[in-house]
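Trainee: Please take me through one part of this model closely. I would like to understand the contact between the two chains, seen from one side.

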Amino acid sequence: MSWVSDYKYTWTERLAMRTLRACGHIPHHVAFVMDGNRRFARSQQIDKIEGHSRGFAKLADCLRWCLDVGVREVTTFAFSIENFKRSSEEVEGLFNLAREKFARLLEETARLDEHGIRIRIIGNIELLPLDLQKLVASAMLSTERNGKLFLNVAFAYTSRDEITQAVETVLRHGCEDLAAEDISERLLEECLYTRHSPPPDLVFRTSGETRLSDFMMWQLSTSVLYFSNVLWPQITFWHFLASIVAYQRDRWQLEDFRRERRMESVQLAKTSGFYSERVQKFLAIIDEDRRKLLVRLAAN
Amino acid sequence: MIEVLCLLLGRILLLLIGGYELIWRLRERLNALVVRLSYDLWRSAAARELHERRVLTDCRSQLTKTPQHLVLVISPTDAGVDAVLLRRIFDFALDVGIKHVSLYDRRTKDKGYVDLADICRSSSEEQGGSFKWPPTSSPSKAENPPKNGEKTNGYVNGANGSHSTQLQLYQISAADGHALIADVCRELYEGRETPVVQNLLKQKREALTEQISDMLNKRLGFVAPEPELGIVFARQTCTYGLLPWHVRFTEFHTHPSGRHFNVETFANILSKYSRCEQRWGT
């Protein structure tokens with residue numbers, strides 16, 4: 001199964017997609033909490049790992065839909081740090097699935113280049129087994145020049161760990177030039193794993209749960225949250241379109257709030273010296289260190 | 001040709017959505033008016049109170065778990081939530097055994113912002129102070145809160161039965177979100193040469209997480225577990241920047257602005273919450 005599926009649209013789906021693209025605002029960044037793989041497996045009386053595998057197939061469909069409808073950035077919650085608490089059999093099964101998919105990704109980089117897809121893994125990669133770290137780092141490096149569609153896969157991720165990592169980055173790397181008054185939420189935002197991504201416009205969670213399960217808590221303060229009862233492997237193109245329509249309906253009500261937040265952020269960047277040479281130098285160091293880490297992991 | 005057809009269909013869709021929204025709002029307003037007339041105005045205060053007690057007693061007997069900490073999120077454009085409604089919600093919460101309620105009102109003063117101090121002042125005059133605000137300072141952690149990394153990840157999976165006579169209230173502001181985390185980071189950075197911070201950096205990341213939690217709770221004055229249930233008063237679900245550190249496992253329920261909120265609504269939300277199962281990653 002490829003990372004971007006060859007989904008065949010029916011004529012009604014094609015017409016609906018064109019209609020939505022013609023009439024309304026398409027979210028730039030959509031985040032998916034892919035919940036319900038195990039419940040789906042139970043309902044179909046298949047193995048849990050097969051449920052996760054079907055879930056991945058739906059992610060490939062979803063990426064195709066996003067690409068075609070005009071979404072430019074997709075973030076998916078694939079594996080939480082909390083999931084390490086599951087049975088070792090299931091965790092190992094999930095890692096094997098990830099190994100298979102990332103190995104496949106490395107084989108089909110030409111196809112990803114063709115679509116301009118860049119893969120970024122957000123999370124505490126160092127918690128993963130070494131061979132998986134290598135695959136993940138290689139996947140990120142091999143697609144780093146693409147810029148048409150960004151796919152961020154949250155793997156070994158929790159938001160709390162991400163925020164702690166941002167604080168830790170400031171404490172470890174900021175010793176030389178950074179002044180205490182340079183530290184603001186604007187700076188911390190740039191130390192998150194999602195440094196180069198805009199916040200999600202729409203967060204789509206399946207399986208009827210109405211919590212966020214420690215996913216992108218920092219970033220989603222202005223996002224439209226859309227909860228659907230469908231289990232992830234059962235998601236269809238129409239569920240996806242329904243979320244886009246819900247976003248188009250709701251976004252205008254959040255527009256003033258978003259504008260206000262953007263203005264506050266710009267103002268804060270000015271007053272906290274975010275554009276000063278020392279802060280920009282600090283951020284350049286972080287970028288350099290993160291890339292060095294990837295190169296090191298890929299070379300292991 | 002297809003493009004023109006799609007554009008036309010798009011316009012029709014927009015009109016339909018707009019029309020639906022308008023009808024929905026009118027219906028909700030009308031419904032709220034009818035409910036208020038039949039429910040609030042045609043009953044005496046005593047009869048209403050008796051009815052509410054009965055509903056809440058029924059509700060309490062059916063719940064398998066009750067949140068200890070409820071957070072109310074009011075969107076910047078909401079016009080339906082006022083001090084009177086909030087007082088009623090606080091009464092309901094007290095009745096079902098919720099111990100802590102946080103209020104996150106994103107409105108400005110001229111758009112209906114409610115100050116908890118006013119509610120608590122009038123409460124203490126009328127009822128002898130069922131609501132407690134501001135929170136007592138001191139302990140920086142919840143009452144016997146589970147520690148991070150334990151089974152519940154700093155959360156408790158609701159409580160059952162225990163009844164409190166006083167409700168602890170917290171007013172959350174926009175500055176308690178991202179800015180407070182930056183504030184904690186700044187303080188740690190200022191003390192980066194101290195053995196405490198150096199020691200934290202040598203340990204696993206969880207130690208720093210725990211330290212950040214403690215410092216945030218101290219700043220918020222939280223003597224409560226993290227909110228387990230959130231009611232968002234808005235047409236759409238959004239956190240509006242509510243406590244990004246604390247609401248990671250909060251179950252959100254959206255109550256559309258303009259719809260009447262009464263004891264049955266509250267009981268329904270609690271019932272839904274009671275049916276939710278937190279899996280804590282397992």
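Mentor: What follows covers the contact first and then one of the two chains.

This is a predicted model, in which local features need pLDDT of at least 70 and side-chain atom pairs count only at pLDDT 80 or more, while totals for chains, interfaces and linings use all residues. Residues are numbered from 1 along each chain as its sequence is written, and chains are lettered from A and ligands numbered from 1 in the order in which they are written.

The contact draws 46 residues from chain A and 46 residues from chain B; two residues are in contact if their C-beta atoms, placed from the backbone, lie within 7 Å. On the side of chain A that touches chain B, two or more residues each come from helix 1 (11-23), helix 7 (159-173), helix 8 (185-190), strand 6 (224-227) and helix 9 (237-271) of chain A. Helices here are DSSP runs of H or I with at least four residues, and strands are runs of E with at least two, numbered from the N terminus. Helix 7 of chain A gives the most to this side, with 11 residues.

Turning to chain B, its secondary structure comes to 8 helices and 6 strands, and along the sequence the pattern reads α-α-β-α-β-α-β-β-α-α-α-β-β-α. Of the contacts in chain B with a separation of 6 or more, 80% are accounted for by residues 24 or more positions apart. Buried residues (20 or more other C-beta atoms within 10 Å of their own, C-beta atoms being placed from the backbone) make up 38% of the 282 residues in chain B.

Technical notes:
Buried ≥ 20, exposed ≤ 12 C-beta atoms within 10 Å, placed from the backbone.
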